[in-house]
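Student: I have a model open and would like to learn how to read it. Could we go through it together?
Tutor: Gladly, let us bring it up.

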Amino acid sequence: MNRDLDASDSKAWRAMAREVLRAFDLDMTPPCGMGAEQRSKAMAAHIERGRELLDEIIDQHVAAARTAVGRASRRRRAQRGIYAAAFDEAAAYARAVRDGQDRVLPAPALFSRGRLPLLDRHTHDRTVLSEGAR
């Protein structure tokens, strides 16, 4: 699956990396005075946006299949793949932050280096954050 998704739009991967880095920053260095509930909502919003961008990449990947069976197979593999699982794990982590249990859990794969190579190639460069300045 990685090879197939690798051909996807680099801008979408960079936008996804930006959302991941913003969620990571909220986890590692939350703004002063931000409570756990606010922090978890903000983290969840970035994680959800990143997942939406992943879904767009998956949709492009699926659309490139030649047959309906091929499209169904690609969608199933992608939805069960490491990237979808990483976003699901990060969403659960954001809920744990809200509940005050985040420090007993390991950091999600989405916040780790080396486990998601297609995303890592964009998160290593924090200048991606300035590209989508809000």
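Student: Let me start with one residue. Is His122 buried or exposed?
Tutor: This is a predicted model, and the call rests on relative accessible area, with buried meaning under 20%. His122 has a value of 6%, so the residue counts as buried.

Student: Where is His122 found, and in which helix?
Tutor: Look at helix H6, which covers residues 117-123.

Student: Which residues is His122 in contact with, leaving aside its neighbours within four places in sequence?
Tutor: The list is Ser10, Trp13, Arg14, Ala17 and Val128. Besides these, the side chain of His122 makes a polar contact with that of Arg121, at 3.2 Å.

Student: Let me step back to the whole fold. How many helices and strands does the protein chain have?
Tutor: There are 7 helices and 0 strands, giving the pattern α-α-α-α-α-α-α along the sequence. Of the 134 residues, 41% count as buried. Among contacts between residues at least 6 apart in sequence, 69% join residues at least 24 apart.

Student: Now for salt bridges. With which residue does Asp55 form one?
Tutor: Its partner is Arg51, with the closest N and O atoms 3.1 Å apart. Both residues lie in helix H3 (residues 36-63), 4 residues apart, about one turn of the helix. Asp55 is partly exposed at 26% relative accessible area, whereas Arg51 is buried at 17%.

Student: Which parts does the salt bridge between Arg51 and Asp88 tie together?
Tutor: The closest N and O atoms of Arg51 and Asp88 are 3.1 Å apart. Arg51 belongs to helix H3 and Asp88 to helix H5 (residues 82-98), so this pair ties together parts that are 37 residues apart in sequence. Asp88 is partly exposed, at 46%.

Student: Which residues are linked with Arg49 in a network of salt bridges?
Tutor: Glu52 and Glu56 are linked with Arg49 in that network. The side chains of Arg49 and Glu56 meet at 4.0 Å, N to O. Arg49 counts as partly exposed at 32%, and Glu56 is partly exposed at 40%. A search of the whole structure finds 10 salt bridges.

Student: Last one: where in the protein chain is confidence lowest, and where is it highest?
Tutor: Where pLDDT is low, the predicted coordinates should not be read in detail. Here helix H1 (residues 2-6) is lowest, at a mean of 57, and helix H4 (residues 68-79) is highest, at 93. For the protein chain, the mean pLDDT is 86, and 89% of residues reach 70 or more.

How values were computed. Residues are numbered from 1 along each chain as its sequence is written. This is a predicted model: local features need pLDDT of at least 70, side-chain atom pairs count only at pLDDT 80 or more; totals for chains, interfaces and linings use all residues. Side-chain values use heavy atoms; hydrogens and water are left out. Helices (H or I, at least four residues) and strands (E, at least two) are DSSP runs, numbered from the N terminus. Buried means under 20% relative accessible area, exposed over 50%, partly exposed in between (1.4 Å probe, protein chains only). A polar contact is a pair of N or O atoms within 3.5 Å; within protein, one must be able to donate a hydrogen and the other to accept it, and residues adjacent in sequence count only if both atoms are side-chain atoms. Contact means heavy atoms within 4.5 Å. pLDDT is the predictor's confidence in each residue, from 0 to 100.
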